[in-house]
Amino acid sequence: IWLFGTIHALPQGLEWLNGPVAKAFDSSDRLVTEIPDSPPEVLQGVVMKTALLPKGESLHAMLPKADAAALDKALNSYGIPPAAFDQYEPWFVAITMASLPLVKQGYSPANGVEAQLGAKAKAAGRPQDGLETVEYQLGIFDKLPRKVQIRYLREVLKSLPRMKSDLAKLIAYWSAGNPVKLAQMLNADEDDPRMIKLLLHDRNRNWAAWIRNRMASPGTVFIAVGAGHLAGPQSVQARLTAAGYRVTRVQ
């Protein structure tokens, strides 16, 4: 089993699928990502099911005045009317707001690692599986207490002015293969213990268990997950090592 840390959105033209990475991918007979490749309409359906507020509630009504003003200012800077996200949960608005600077700077999930690997796997007739379902992944955010969701949105809004410089650093660390610095950046704003547990530690544990089970079957698998999951004392590799497996870094 190969483990590869990904960046979900990249600028067009960045060359990375070469050398040992390409060799590992070409030697594999199955691609595994965080979630399976799904049609846009399926993803949209899950979003509508999990991200909408209950009838009668609105985002602006639940936000403190300072947060509502910060959200309106950010939306206005992107030419988006304030009412556009008023019927959505704070967690979904936070994720959406975090992606807007990426789009503005030319970063796109279509250029991201998973999209490129998925396209190559499909062209080669190679199966692709997911470690999680879309429902499960979005459900993690949806289960967060409302107070935590609002705090998450607040932190995202605060980070918007430095997003451009952070993106450049992020790509530089990833391109250099520096998982420690990369994880520090990716997980810097997730200081709430509940978010860290649900978004990182629990999922790393689940994925390590999936890998242990998969090791009992023949074949070579290329697993591509967010780079933040492959660094730190509770990373996927650390859990596998603790379970008695040997994990060797190739690049």
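1. A nonpolar core is here a set of buried Ala, Val, Leu, Ile, Met, Phe, Trp, Tyr and Cys residues joined through side-chain atoms within 4.5 Å. Buried means under 20% relative accessible area, exposed over 50%, and partly exposed in between, computed with a 1.4 Å probe on protein chains only. By that definition the largest nonpolar core has 56 residues. Trp-16, Leu-71, Val-93, Met-97, Leu-117, Trp-174 and Phe-222 have the most contacts inside it. Helix H5 (residues 90-104) supplies the largest share of this core, 7 residues.

2. On the basis of these values: this is a predicted model, in which local features need pLDDT of at least 70 and side-chain atom pairs count only at pLDDT 80 or more, while totals for chains, interfaces and linings use all residues. Residues are numbered from 1 along each chain as its sequence is written, and side-chain values use heavy atoms, with hydrogens and water left out.

3. Contact means heavy atoms within 4.5 Å. Not counting residues up to four places away in sequence, Trp-16 touches Phe-4, Leu-10, Val-21, Val-113, Gln-116, Leu-117 and Trp-174. A second, separate core has 11 residues, including Val-32, Ala-208, Val-221 and Ile-223.

4. Helices (H or I, at least four residues) and strands (E, at least two) are DSSP runs, numbered from the N terminus. Two strands pair if DSSP finds at least two bridges between them. In the order E1-E6-E3-E5, 4 strands form an open sheet with parallel pairing. Strand E1 (2-6) and strand E5 (128-130) each have a single partner strand and stand at the edges, so one side of each lacks a neighbour in the sheet. From one strand to the next, the twist averages 25°.

5. Where do the bridges of the sheet fall? E1 runs parallel to strand E6 (residues 221-226) and is joined to it by 5 bridges. Trp-2 is opposite Phe-222 in E6, and Leu-3 has Ile-223 of E6 as its bridge partner. E3 and E6 pair in the parallel sense over 4 bridges. Leu-31 also stands opposite Phe-222, and Val-32 has Ile-223 as its bridge partner in E6. E3 pairs with E5 over 3 bridges, again in the parallel sense, and Thr-33 is opposite Gly-130 in E5.

6. Is E6 enclosed or open? Of its 6 residues, 6 are buried, so E6 is largely enclosed by the rest of the structure.

7. Two helix pairs follow. Axes are lines fitted to C-alpha atoms, for helices over the stretch in contact, and angles run from 0 to 180 degrees between N-to-C directions. Angles under 35 degrees count as roughly parallel, over 145 as roughly antiparallel, 65 to 115 as roughly perpendicular and the rest as oblique. A crossing is left-handed if the near helix is turned anticlockwise from the far one by less than a right angle, and right-handed if clockwise.

8. H5 packs with helix H8 (residues 146-159) at an angle of about 15°, and their axes are 8 Å apart. That angle makes H5 roughly parallel to H8. The crossing of H5 past H8 is left-handed. Residues of H5 in this packing include Pro-90, Trp-91, Val-93 and Met-97, which meet a set in H8 that includes Arg-146, Ile-150, Leu-153 and Leu-157.

9. Helix H2 (residues 40-50) and helix H7 (residues 134-142) pack at about 30°, with axes 10 Å apart. H2 is therefore roughly parallel to H7. Leu-43, Val-46, Val-47 and Thr-50 of H2 make the contact with Val-134, Glu-135, Leu-138 and Asp-142 of H7. H2 passes H7 in a right-handed crossing.

10. Leu-10 lies in strand E2 (residues 10-11). Leu-10 is buried, with a relative accessible area of 0%. Leaving aside neighbours within four places in sequence, the contacts of Leu-10 include Trp-16, Tyr-107, Asn-111, Ile-171 and Trp-174. The C-alpha atoms of Leu-10 and Gly-244 are separated by 35 Å, and the two residues are 234 residues apart along the chain.
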